[in-house]
Amino acid sequence: MTLSSAGWSPWVALMVVGSLYVFGGSRAKRSLSSGRAQCEALAGAAELPGRMVVIGDLHGDRDALVEILVAAGVSDASCEWRGGQDAVVVQLGDVVDRGPDSEGANACLRRLQASAPGAVFRLAGNHEVIWAEGDFRFASRTETPAVRSRLIRMWLDEVSAGNVVGAYAAGPVLFTHAGFRPAMLAKVSPDPFAQNPASVAASLARLVNSELRSAVEKCSGIRCAFEGDLFSAGRDRGGNGVGGTFWTDFGILLDADADALPAGLVQVVGHSAARCSARASPKCEPIRARQDLAAVCVDAGLSVAYASNRAYLEIRNGTLVTLTRTVGGAWRERDLTAEACASDNNPPDSDGRSPPLQDAL
Ligand SMILES: *[C@@H]1O[C@H](CO)[C@@H](O)[C@H](O)[C@H]1NC(C)=O
């Protein structure tokens, strides 16, 4: 079947997608519906910090970062910590590329982290990875090669020092740049379904972190060759393998069969930018989530290279709340946990998938 633009129709899409689920949905159903499992895991998580401020891909936009840090009350305008004792900040990687000020965005995160030891978790994204591989296709023309080299050197040192990590786990919540798709989970973990979600999150985070650190140790100067499944882009992006945690498009997590993701695990990722503008359209939801909260994408399109959106996620004692600056410049809160957990109005459909809470477009 060829899909010319004239022949393409929603029905074709439905047939293609439908047949994938028919043939891909053979995994045995679990007794506990996955959505319920995420709600229970979040409600019972003792290991979570009181307040987590989660910020998506920055792509060279220091101003976006500072505005959000200040709005969240965790920093002053010069990136000094003001978040007190209970808050933590998680930034999901892709600090560099596309926008004009990768260096400024990186410097702000460094300063914030230095002023609050143990409270700031900085993740590596695929754009940091490709810089270290010498790929500057997406770099801003305003940055000189000397600036890039300096940033790579710094990034490698910070990975070695543990200031920049590949993943961070807090209770059942696993933060990675782009997430574990089912095929990747099956590859790295013999049976993630047999453990409780906090152990799954912790062991997956340990795996990503040790792989990133040992990969960085093998670099020669500031040139690296990242090898192995976790770093590969995946055949569906023109690379190799099933696709690792730096490269998973959010659509894959959104569409995955609920039973193919470990019950109770909440994957919080960046990587797939929202394309709508929250300041132009009240319908725009820059932060997207599965109805069952098994995956949440915080890549709000913050950068001036995208939509200059202002949106971030807070996890308040296990409750997921999105904060979005909307038309008119007001901040709007949306409680994803209340929507997902307070009612049985949206049970997973018959093949075990959950419809998305909202879409960006
Ligand atoms: C989390 O719970 C503690 C204890 O009940 C409370 O003091 C704190 O304000 C809560 N934090 C948030 C962000 O709701």
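This is a predicted model: local features need pLDDT of at least 70, side-chain atom pairs count only at pLDDT 80 or more; totals for chains, interfaces and linings use all residues.
1. **Sheet order.** Seven strands make up an open sheet. Their order is S4-S3-S2-S1-S10-S11-S12, and the pairing is mixed. At the edges sit strand S4 (164-165) and strand S12 (331-335), each of which pairs on one side only.

2. **The S10-S11 pair.** Strand S10 covers residues 311-316 and strand S11 covers residues 319-325. The two run antiparallel and are joined by six bridges. Within this pairing, Tyr-312 stands opposite Leu-323 in S11.

3. **A helix on the sheet.** Helix H4 (residues 102-115) packs on the sheet. Its contacts are with strand S2 (87-91) and strand S3 (120-123). The direction of H4 makes about 145 degrees with that of S3.

4. **Salt bridges overall.** The structure has 19 salt bridges. Which of them deserve a look in the viewer?

5. **Arg-310 and Glu-67.** These two form a salt bridge, with the closest N and O atoms 3.2 Å apart. The pair links distant parts of the chain, 243 residues apart. Arg-310 lies in the loop between strand S9 (295-297) and S10. Glu-67 belongs to helix H3 (residues 62-71). Is each partner buried or partly exposed? Arg-310 has 5% relative accessibility, so it counts as buried. Glu-67 has a relative accessible area of 31% and is therefore partly exposed.

6. **Asp-292 and Arg-290.** The side chains of Asp-292 and Arg-290 meet in a salt bridge at 2.9 Å, N to O. Asp-292 is buried, because its relative accessible area is 3%. Arg-290 also counts as buried, at 0% relative accessibility. The cut-off for buried is under 20%.

7. **Glu-339 and Arg-334.** Here the N to O distance of the salt bridge is 2.8 Å. Glu-339 counts as partly exposed, because its relative accessibility is 30%. Arg-334 has a relative accessible area of 15%, so it is buried.

How values were computed:
Residues are numbered from 1 along each chain as its sequence is written. Side-chain values use heavy atoms; hydrogens and water are left out. Two strands pair if DSSP finds at least two bridges between them. Helices (H or I, at least four residues) and strands (E, at least two) are DSSP runs, numbered from the N terminus. Contact means heavy atoms within 4.5 Å. Axes are lines fitted to C-alpha atoms, for helices over the stretch in contact, and angles run from 0 to 180 degrees between N-to-C directions. A salt bridge is a side-chain nitrogen of Lys or Arg within 4 Å of a carboxyl oxygen of Asp or Glu. Buried means under 20% relative accessible area, exposed over 50%, partly exposed in between (1.4 Å probe, protein chains only).
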